[in-house]
Amino acid sequence: VNSMSLLRRRRPGDFLAARAIRIVPLFLIALLVNVVLIPFLPPLTEAAALSTHGPQHLISAQAGLSVTHVLANLTLMPHVLGYECLDPVMWTLQVEILFYGVLAGLFTTGALRRPAAAWGTLLALAWVACRWLDGNSPETNGGLIAVARSVRALFVLDQIPFFAIGYFLYRIRVSERVSWSDLGTITFSLFVLHQIDHGKFNPIAIMLIACLVLAAGYGKLPVLRIKPLLLLSTVSYPLYLLHNNPGSFLIHTFESVGVPSLACVVVAILFALSVAVLLTKWCEEPLTQKLRARYTDWRSSQTLPQTQWTVAR
């Protein structure tokens, strides 16, 4: 989807602006909600903390939120700055933001004119860097180690195989033919993923998911067009942002007064869906339209003087 968005616009600036308009406004609302709720969340058990991408519930509930912690999250990339996300699920948002930069960089430098070589280089870098870093102790210091860790984070090398598969599925869909180059890069992506994921993912399952994505791109999965699933697709972003910490708060609150656990979960799900629908209809859609209109007007004002100068000349 991101490949389609960038390559249709043909301007990295427009692509990044469109993604920012889509992501930032609701993210700011979610950040405010988390700042209010986190002091009231129950601390995670040690096992639960280890199962997340960072025990920020435990840190926030016991030590309190700091201004720098909140400001780091405001950048959408707190891990790069050494902080945990205020909501554990938001670690994926940082990966997404960094990928936008990688994709725009590949386009701007002209690397996407030879996509197999460009993505193959990133995949090879992921294979070498991730395996080498994982072979060292996390406490290992040194200049080369620090540089490799920064490259790994900034170029989202742990997730690059997934993004590469997505890009070449897009190429197959657009060209409506399957080239050996596309298939070879997808195969190499699966190989690299298997080499760096420490057995977390089943390559056969990843291939099946890729086939499902491609089938959806060709419109071969009509079940995805039923109204309940379309609704979930429409409200997916606010649902993603506001299901976890608010849901945990509701479950904890109702359980503390004796409501059965299953009923608490149902209440949390219904609440998250309701909030997502309301935010989409009353906030996200009108705000996105206004921001896009203003950006379009700004873009027109930037190109108008050049056009007038050309005509005059």
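Predicted model: local features only at pLDDT ≥ 70, side-chain atom pairs only at ≥ 80, totals over all residues.
Leave out its neighbours within four places in sequence, and Val 156 is in contact with Val 95, Leu 98, Phe 99, Val 102 and Phe 163.

Where does Val 156 sit? You'll find Val 156 in the loop between α8 (143–154) and α9 (160–175). Val 156 counts as buried because its relative accessibility is 3%, below the 20% cut-off. Check the backbone while you're there: Val 156 isn't a glycine, yet its phi is positive, at about 40 degrees.

**Another positive phi**

Now go to Leu 76. Its phi is near 75 degrees, again a positive value in a residue other than glycine. Leu 76 belongs to the loop between α5 (67–74) and α6 (91–108). Is Leu 76 buried or exposed? With a relative accessible area of 10%, Leu 76 is buried.

**Out to the surface**

Select Val 24, Leu 28, Val 67, Leu 71 and Leu 74, and you'll see a nonpolar patch on the surface with about 420 Å² of accessible area together. Colour the patch by helix: α2 (12–37) and α5 each supply at least two of its residues, and the largest share, 3 residues, comes from α5. Click on Val 67, which lies in helix α5. Val 67 counts as exposed, at 61% relative accessibility.

**The largest pocket**

Rolling a probe the size of a water molecule over the atoms shows where empty space is left. The largest pocket here has a volume of about 2000 Å³. To centre your view on that pocket, select Val 1, Asn 2, Arg 19, Glu 96 and Val 213, which are the closest to its centre of the 45 lining residues.

**Salt bridges**

Glu 96 is partly exposed, with a relative accessible area of 26%.

How many salt bridges does the structure hold? There are 7. Side chains of opposite charge can pair when their charged atoms come close.

For another of these, select Asp 14 and Arg 299. They form a salt bridge with the closest N and O atoms 3.2 Å apart. Asp 14 is in helix α2 and Arg 299 in helix α15, so the pair ties together parts that are 285 residues apart in sequence. Compare the two ends: Asp 14 is buried, at 16% relative accessible area, while Arg 299 counts as partly exposed, at 22% relative accessibility.

Then move to Asp 182 and Arg 171, where the closest N and O atoms of the salt bridge are 3.0 Å apart. Asp 182 is in helix α10 (residues 180–196) and Arg 171 in helix α9, 11 residues apart. Asp 182 counts as buried, with 2% relative accessibility, whereas Arg 171 counts as partly exposed at 29%.

For the last stop, select Asp 134, Arg 152 and Asp 158. What links these residues? Asp 134, Arg 152 and Asp 158 are joined in a network of salt bridges.

Notes. Residues numbered from 1 in each chain as written. Heavy atoms only, no water. Helix = DSSP H or I, 4+ residues; strand = E, 2+ residues; numbered from the N terminus. Buried < 20%, exposed > 50% of the residue type's maximum accessible area, 1.4 Å probe, protein only. Contact = heavy atoms within 4.5 Å. Patch = residues over 30% accessible without salt bridge, like charges linked within 9 Å, V, L, I, M, F, W, Y side chains within 5 Å. Areas by Shrake-Rupley, 256 points an atom, 1.4 Å probe, with all protein chains shown as cover. Salt bridge = Lys/Arg side-chain N within 4 Å of Asp/Glu carboxyl O. 1 Å grid on protein atoms, 1.4 Å probe; cavity = no way out; pocket = protein on both sides within 12 Å on 5 of 7 lines; lining within 4 Å. Points joined across faces, edges and corners; volume = space filled by probe spheres on them.
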